[in-house]
Amino acid sequence: MKIVPGCARVPTPGKLGVPTDQGPEEAAVSSEFVGPLERGAERQRTSRRSVRMLVVESLGPLTVLGGAVWAVAQPYRIVFLERAGKGFYDYLVQPPLLVIAVGLVFALGIAPGIVEDMRSDGGPEG
Amino acid sequence: MAPRAELVHWAFAAGFLLLGLILLAEAIVGSDVFGKRRWRAYLWPSLAFALGVLLWPVAVFFTSSTLHMLAHASWAEVAMLAGAIQLALVRGKLTSRWWALSLSFTLVVSGLAFLLHEQNPWLFSRAAFLHHAIGWTLLVAALFPLGQALRPRQLVWRAGFAMTWVVLAMLLFCDRDVAPIFGHLSDLAGGPASP
């Protein structure tokens, strides 16, 4: 076991304050060098998690936006705007409104729970 | 009275879009986080199974040809089979990762059914073009579950499988019973629907 000169030879508590079963030399190395690396990796993980949360939160609104843009681009696909010669099924199935509905279902019914679970999974800092 | 075929395509497109979003979310956050709430783990297999059940009325009422009926019925069967297998995997009744291959089987059968039941050439009309495009898309997408079975941890397979349904939804939303594609419409296809 190699002793690093200049390192304090004191047992250091491990992650979450739990004492490690490493020798004092290893613990000292861990506190001086590995600690910052671990913190960097943790920051990276947190950043990745934030990006993932943002993407999941965006899926619903982006879908709604897609449906809204489609409705503006092709208003004749919405029967409420052009009623002539349309039947029951035309009112039931209007593509841009279906896309908006799917986006809303996902944004309001599914995404919030996933984001909440990601936060609880990744600790208080989310 | 049955609705027009394009309306049925759009309704199913909405279902596939929701399926794609759910799968995409699972691919992004990972199965562990996604499965934290049990109902969520059952969500997409149930939706796949339900879409399979809903394909049966399509098979029964849209019988413009024997091939159409056989194609719709085969989709209904494989969609229900895929949904049931995924439900069993979530429940823990099945455990092998190789069950992911059932999704490949589903996609291959669906892709072939799309290609075989469309008897018109590619540029006959938009519906013909889209049926061919969807068929080939599904055949290529059958590689994603295969990748999932071989390397389950890789994001690309899950994301690719999820995006398959989003793309399928977009293609189905583009469908019209009679409409030109790339400015071309066969004289035999009939007049374009208004507008």
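## Helix α9 of chain B

In α9(B), the buried residues are Trp157(B), Arg158(B), Phe161(B), Ala162(B), Thr164(B), Trp165(B), Leu168(B), Ala169(B), Leu172(B) and Phe173(B). A residue is called buried if 20 or more other C-beta atoms lie within 10 Å of its own, exposed if 12 or fewer do, and partly exposed in between, with C-beta atoms placed from the backbone. Helices (H or I, at least four residues) and strands (E, at least two) are DSSP runs, numbered from the N terminus. The buried residues of α9(B) pack against α3 (95–121) of chain A and against α1, α7 (126–141) and α8 (143–150) of chain B. Contact here requires that the C-beta atoms of two residues, placed from the backbone, lie within 7 Å.

Helix α9(B) covers residues 155–173, 19 residues in total, and reaches 27 Å from its first C-alpha to its last, close to the 27 Å expected at 1.5 Å a residue. The expected span is 1.5 Å times one less than the number of residues in the helix.

## Model and numbering

This is a predicted model, in which local features need pLDDT of at least 70 and side-chain atom pairs count only at pLDDT 80 or more, while totals for chains, interfaces and linings use all residues. Residues are numbered from 1 along each chain as its sequence is written, and chains are lettered from A and ligands numbered from 1 in the order in which they are written.

## Overall form of chain B

Chain B contains nine helices and zero strands. Its radius of gyration is 17 Å, close to the 16 Å that the globule rule gives for 195 residues, so chain B is as compact as a globular protein of that length. The radius is taken over C-alpha atoms, and the rule is 2.2 Å times the number of residues to the power 0.38. Along the principal axes, the C-alpha atoms of chain B fill a box of roughly 55 × 30 × 25 Å.

Of the 195 residues of chain B, 39% are buried. Among its contacts between residues at least 6 apart in sequence, 69% join residues at least 24 apart.

The contact takes 20 residues from chain B and 21 from chain A. On the chain B side, α1 (5–29) and α2 (31–34) are the elements that give two or more residues. The largest share, twelve residues, comes from α1(B). The chain B side divides into 17 nonpolar residues, no polar and three charged. Ala, Val, Leu, Ile, Met, Phe, Trp, Tyr, Cys and Pro count as nonpolar, Asp, Glu, Lys and Arg as charged, and the others, Gly among them, as polar.

Helix α1(B) is mostly covered, with 20 of its 25 residues buried. Its end C-alpha atoms are 36 Å apart, which agrees with the 36 Å that 25 residues should span at 1.5 Å a residue. Just after α1(B), Gly30(B) takes a positive phi of about 95°.

Phe144(B), Pro145(B) and Gln148(B) are buried in α8(B). They cover an arc of only 95° around the axis, which puts them on the same side of α8(B); the arc is that of the directions from the helix axis to the C-beta atoms. The buried residues of α8(B) pack against α6, α7 and α9 of chain B.

Val108(B) lies in α6 (residues 101–117) of chain B. With 16 C-beta neighbours inside 10 Å, Val108(B) counts as partly exposed. Leaving aside neighbours within four places in sequence, Val108(B) is in contact with Leu139(B) and Ala142(B).

## After α9

Phe182(B) is placed in the segment after α9 of chain B. Although not a glycine, Phe182(B) has a positive phi of about 50°. With 9 C-beta neighbours inside 10 Å, Phe182(B) counts as exposed.
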